[in-house]
Amino acid sequence: MTSTKTRIKNSIKNAISISTVCIATIASSSIFVPSTFAQYGLGLPKSAGLGGATRGDLPLLTILVPDDGGKTLSSRPTFYWYIAPPDVTPTDSTTVPQIDNGKSPFQVTFILRDSNGRESKPIFMAEGKGEQSGLYKFTLPENAPELVKGKVQRWQIRWQGNGGTAQVDVNAAIRYDDDPVLVKEIATAKNDLEKAKIYAKKAYWYDAIDAYTSWLSKNPKDEVANAERSNLLKVGLQNHRAFAKVNTEEFDPAKFAKFLSKFDESKGAISIALQHKPLR
């Protein structure tokens, strides 16, 4: 009898252990990992306007878009860029001068162009001021033209610092692709995190970054969501020329890893107030 009871207890323990392992496996696999084969870019020739001055060994200004652009489900999307912190050691002659207090006033200009080619013309411009590093965002306002459905357009960020003596310009491509089926799917999502996963699976780059960041701004301790956003950047910005070695086009994994480490500190984004500037 004792032997039978012992076998029963051991069987129960084993069942609990197996269940625990299964639960742990499910939990560990709950992090959404974007497919490395996903076409987050637009398949366009890579842009030449992706880099500029550096802060130490990081790009001073990084637009969060794949080399060959990305698509959006919105005619008035939110654009994101990252300004590197000034508390890094300069390493080359292109480095922008630093200010010891960690804050340096600068001007930001946002420019939207009517197409993606060299002949593209600006159709909207807005500018404002900032003074701190970190992740920035700007949503295309109502007084700006909407993106044209199915057309590749270009947007640009111009950073001017040190009293206007230093300037960095970066730009990226964007295409507004309407998808009624996806619109319905997004409408049923319970929150921004669910939306982010859907956007990422469908390769809607701009919207996935926006949804993840919106979620993290309200849930900064959600390390799973933060890891998912980081994984998305690892896939979409892989081999991005903004992280090339100095004076070469060779991708520098160490520079990219340092960027991700700094970027992960930015849970939410700074919503910068840019005022419309009439085109000349």
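This report walks through a predicted model of one protein chain, from its overall make-up down to single residues.

## The chain as a whole

The protein chain has 280 residues, and 46% of them count as buried. Its secondary structure comes to six helices and 12 strands.

Among contacts between residues at least 6 apart in sequence, 71% join residues at least 24 apart. The accessible surface of the chain comes to about 14,500 Å², and 53% of that belongs to carbon and sulfur atoms.

## A sheet of six strands

Now to the strands. Six of them form an open sheet with mixed pairing, in the order E4-E10-E9-E6-E7-E12. Its edges are strand E4 (70-72) and strand E12 (275-276), each of which pairs on one side only. Helix H4 (residues 205-218) packs on this sheet, where it touches E4, E9 and strand E10 (166-176). The direction of H4 makes about 70 degrees with that of E4.

Within the sheet, strand E6 (residues 106-113) and E9 run antiparallel and are joined by eight bridges. To find one of these pairings by eye, look for Thr109, whose bridge partner in E9 is Arg158.

## A closer look at Val152

Strand E9 covers residues 152-161, and Val152 is found in it. Is Val152 buried or exposed? Val152 counts as buried because its relative accessibility is 18%, and the cut-off for buried is under 20%.

Which residues does Val152 meet, apart from its neighbours within four places in sequence? Val152 is in contact with Leu42, Leu44, Ser115, Asn116, Ala173, Ile174 and Arg175.

## Strands E5, E8 and E11

Another set of pairings involves strand E8 (residues 134-139). Six bridges join E8 to E5, and these two strands run antiparallel. Two bridges join E8 to strand E11 (residues 270-271), and here the strands run parallel.

## Aromatic rings

The structure holds 18 aromatic pairs. Tyr40 is buried, with a relative accessible area of 3%, and Trp205 is buried with a value of 0%. Another edge-to-face pair is made by Tyr82 and Phe263, at 5.8 Å centre to centre and with 65 degrees between the planes. Here too distant parts of the chain are linked, with Tyr82 in strand E5 (residues 78-83) and Phe263 in helix H6 (residues 253-263), 181 residues apart. Both Tyr82 and Phe263 are buried.

Rings can also join into groups. Ring pairs link Phe79, Phe110, Phe124, Phe138, Trp155 and Tyr206 into a cluster.

## Helix H3 and its ends

Helix H3 spans residues 192-201, and its buried residues are Leu193, Ala196, Ile198, Tyr199 and Ala200. What covers these buried residues? The cover includes helix H2 (180-187), H4 and helix H5 (223-236). At the start of H3, a side-chain oxygen of Asn191 reaches to within 3.1 Å of the backbone nitrogen of Leu193.

Just after H3 comes Ala203, with a positive phi of about 65 degrees. Ala203 lies in the loop between H3 and H4 and is buried, with a relative accessible area of 9%.

## Asn239, another positive phi

Asn239 has a positive phi of about 65 degrees as well, although it is not a glycine. Where does Asn239 sit? Its place is in the loop between H5 and H6. At 42% relative accessibility, Asn239 counts as partly exposed.

Key: Residues numbered from 1 in each chain as written. Predicted model: local features only at pLDDT ≥ 70, side-chain atom pairs only at ≥ 80, totals over all residues. Heavy atoms only, no water. Helix = DSSP H or I, 4+ residues; strand = E, 2+ residues; numbered from the N terminus. Buried < 20%, exposed > 50% of the residue type's maximum accessible area, 1.4 Å probe, protein only. Contact = heavy atoms within 4.5 Å. Areas by Shrake-Rupley, 256 points an atom, 1.4 Å probe, with all protein chains shown as cover. Pairing = 2+ DSSP bridges. Axes fitted to C-alpha atoms, helices over the stretch in contact; angles between N-to-C directions. Phe/Tyr/Trp six-rings, centres within 6.5 Å; stacked < 30°, edge-to-face > 60°. Polar contact = N/O pair within 3.5 Å; in protein donor to acceptor, adjacent residues only side chain to side chain.
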